[in-house]
Amino acid sequence: MATQRLAALILNDDERAELQSLATRRKTAQALALRARIVLTCAEGGQNKEVAAKLGLERGTVGKWRRRFVEQRVPGLHDEPRSGAPRTVDDARIEAVIVRTLENCPENATHWSSRGMAKACGLSVSTVQRIWRAFGLQPHRIETFKLSTDPNFVAKVRDVVGLYVSPPQHAIVLCVDEKSQIQALDRSQPMLPMRPGQPARRSHDYKRHGTTSLFAALDIATGRVIGKCYGRHRAAEFRKFLDEIEAAVPHELDVHLVMDNYATHKTPLIRRWLAKRPRWHVHLTPTSSSWLNQVERFFALLTDKKIRRGVYRSVAALRADIASFIERHNADPKPFRWTKSADDILASIERFCRYNDPENVDRVLRTSGSGH
């Protein structure tokens, strides 16, 4: 039986250096590193059987990569690009899914599910999900919005944002609002603590032990908060809170108050109180624009870190927890950083209107006072 002739395998210096690099480099794919070691071992001499025994491989594997290297050199050791499975869904069917998702609803529902769309279009559920994911479609989600119809929207935005971006000298800017009807809720059963692989749990039902209302004033320069809880949130309580602010702010500073146009804030009692104090200046936010008042961000922190998961058996306990949160916040206050100018805000609103309601955009902008 004739002995099988092996193809000559001779390496030049550059090839040897590149193969040694591939065989030892950490980030090289393990399959490619093994092929480089096969070629380097073959270059030392010896039959395929001997090289296979030395590396612990099958003789056929050694022979395959020896031949590939002799024919194609180093590039032959890399995997050839794979074409993948041919497409089974053409562009027309993809377009039909997108159009149907955007322009139609199923007969018995307000929005499409992936299973419903798959059944209607004769596709698999996973195919529909891939199409939706590729084009950013999420029929199961819905978001809310509200545009202000305040006729003085533009002027108020520029006024309030101007205070944030360039606050006046020898003055303090306070964002004021109330978080009303905070409930003292006690769960009907004890909470179960978090464990590995399982979040904390609480009963869905609860007991109410009354409510309280928090009035708060946020100093935009320092992040400090003046806060006080009251049993109700009438003009009388707001007047008492203004007295708290008056006592806390040095008399040599002007007070610029940012607040909304809530009925409690504009009663004759409050108007008379403000009229007697010329150092106080009121800046009203537009209607339906609570996002413009920075104290709302503090309320969100309070809700997220304390109230939402809190368990309170009395209003007194709730008030004590709120007071403790404000005290700890003021021990290391950090102001919120306002980044958008008034022009940026107005431009964003105009883009939103033009994208979502192009036919009635002029009417919307004119109504909100944010037209050209």
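**Notebook: rings, a helix and a pocket**

I began with two phenylalanines: F215 is buried, and F241 is buried too. Buried here means under 20% relative accessible area, while exposed is over 50% and partly exposed lies in between (1.4 Å probe, protein chains only).

I noted that this is a predicted model, where local features need pLDDT of at least 70, side-chain atom pairs count only at pLDDT 80 or more, and totals for chains, interfaces and linings use all residues. Residues are numbered from 1 along each chain as its sequence is written, and side-chain values use heavy atoms, with hydrogens and water left out.

**Entry: aromatic pairs**

I searched the whole structure and found seven aromatic pairs. Rings of Phe, Tyr and Trp (its six-membered ring) pair if their centres lie within 6.5 Å; planes under 30 degrees apart count as stacked, over 60 as edge-to-face and the rest as tilted. The ring centres of F215 and F241 are 5.9 Å apart and the planes stand at 40°, so I wrote this pair down as tilted. It joins distant parts of the chain, with F215 in strand β2 and F241 in helix α9, 26 residues apart. Helices (H or I, at least four residues) and strands (E, at least two) are DSSP runs, numbered from the N terminus.

I then looked at F298 and F299, another tilted pair, with 6.3 Å centre to centre and 50° between the planes. F298 counts as buried because its relative accessibility is 0%, and F299 is buried at 4%. I also found one aromatic cluster, formed by F215, Y230, F238 and F241.

**Entry: helix α9**

Next I followed α9, which covers residues 235-248. Its buried residues are A235, E237, F238, F241, L242, I245 and E246. What do they pack against? I listed β1 (171-187), β2 (206-219), β3 (225-230), β4 (254-259), α10 (268-275) and β5 (280-284).

**Entry: S289**

I found S289 in the loop between β5 and α11 (295-307). S289 is buried, with a relative accessible area of 3%. Leaving out residues up to four places away in sequence, S289 touches S148 and F153; contact means heavy atoms within 4.5 Å.

**Entry: the largest pocket**

Which residues lie nearest the centre of the largest pocket? I noted Q138, P139, H140, R141 and I142, out of 15 lining residues. On a 1 Å grid over the protein atoms alone, a pocket is an open set of points where a 1.4 Å probe fits, with protein on both sides within 12 Å along at least five of seven lines; lining residues have an atom within 4 Å of a point.

Notes:
The expected span of a helix is 1.5 Å times one less than its number of residues.
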